[in-house]
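Student: Could you walk me through this one step by step? I'd like to learn how to read it for myself.

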Amino acid sequence: MTETNDRSLPLAVEQIVLRWGDLGGQWGVNRSVAQIQALLYLSEQPLTAEDIATTLGLARSNVSNSLKELLTWKLIHRVPVLGDRRDHYQAETDLWQMATKVAQGRKAREIDPMVAAINEAVAGVDAQGSGVTPEVRARLERLQGFVNTVDGWYQQMLDVPPDTLMRLIRMGSKVVGLLKFVGKRDRNG
């Protein structure tokens, strides 16, 4: 369900929850999972599964499955609430931590298997002498070099402190201009 049933949510919160759910679908994430993550992110207090189900008008089983997925991604965590035995959930609110956890999860599920498959294919060409043409071999090696370079860059970026990474991102076109300048200088000797 995409509409919230509890109209006590501020309109801005409701709109973000709905839009985040729509975006989640475009990113390959279940709409309910994305809506719950948005609701918890914007909630100042930890919420129970029942709170979430009521607020979003979702089936309790759907909420339970979605919470399990968000816990797996480490985008939410259980928190104890004094005097209440039910599980309460709170979202990760550090945006860099959220982005890093999503990137790590996607990398593990999508990128790592691709890197392994490409490396295995290139090794197979070497071992088999399989009749792969020199052009196809060259393309495979370029693909391997590209994905391994991007994978290495990703690993390096994990070690960059968030404030430094944000400054780098904000510099955007200035960094590109610097790289062009350095490239021209290197070519001109």
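Tutor: Let's begin with a term: pLDDT is the predictor's confidence in each residue, from 0 to 100. This is a predicted model, so local features need pLDDT of at least 70 and side-chain atom pairs count only at pLDDT 80 or more, while totals for chains, interfaces and linings use all residues. Residues are numbered from 1 along each chain as its sequence is written, and side-chain values use heavy atoms, with hydrogens and water left out.

Student: Which element has the lowest mean pLDDT?

Tutor: Elements here are DSSP runs numbered from the N terminus: helices (H or I, at least four residues) and strands (E, at least two). The chain as a whole has a mean pLDDT of 88. Strand S1 (residues 47-48) has the highest mean among the elements, 97, and the lowest, 77, belongs to helix H8 (residues 173-188).

Student: How many residues of H2 are buried?

Tutor: Buried means under 20% relative accessible area, exposed over 50%, and partly exposed in between (1.4 Å probe, protein chains only). Ser32, in helix H2, has 7% relative accessibility, so Ser32 counts as buried. Others on the buried list include Val33, Ile36 and Leu40. Out of twelve residues in H2, the buried count is nine.

Student: At what angle do H2 and H3 cross?

Tutor: Axes are lines fitted to C-alpha atoms, for helices over the stretch in contact, and angles run from 0 to 180 degrees between N-to-C directions. Helix H2 (residues 31-42) and helix H3 (residues 49-56) have axes that come within 11 Å and cross at roughly 110°. Angles under 35 degrees count as roughly parallel, over 145 as roughly antiparallel, 65 to 115 as roughly perpendicular and the rest as oblique. So H2 and H3 are roughly perpendicular, given that crossing of roughly 110°.

Student: Which residues of H4 does Ser32 touch?

Tutor: H2 and helix H4 (residues 60-73) pack at about 75°, with axes 9 Å apart, and are therefore roughly perpendicular. Leaving out residues up to four places away in sequence, Ser32 touches Leu58, Asn62 and Ser66. On the H4 side, the residues meeting H2 include two of those names, Asn62 and Ser66.

Conventions:
Contact = heavy atoms within 4.5 Å.
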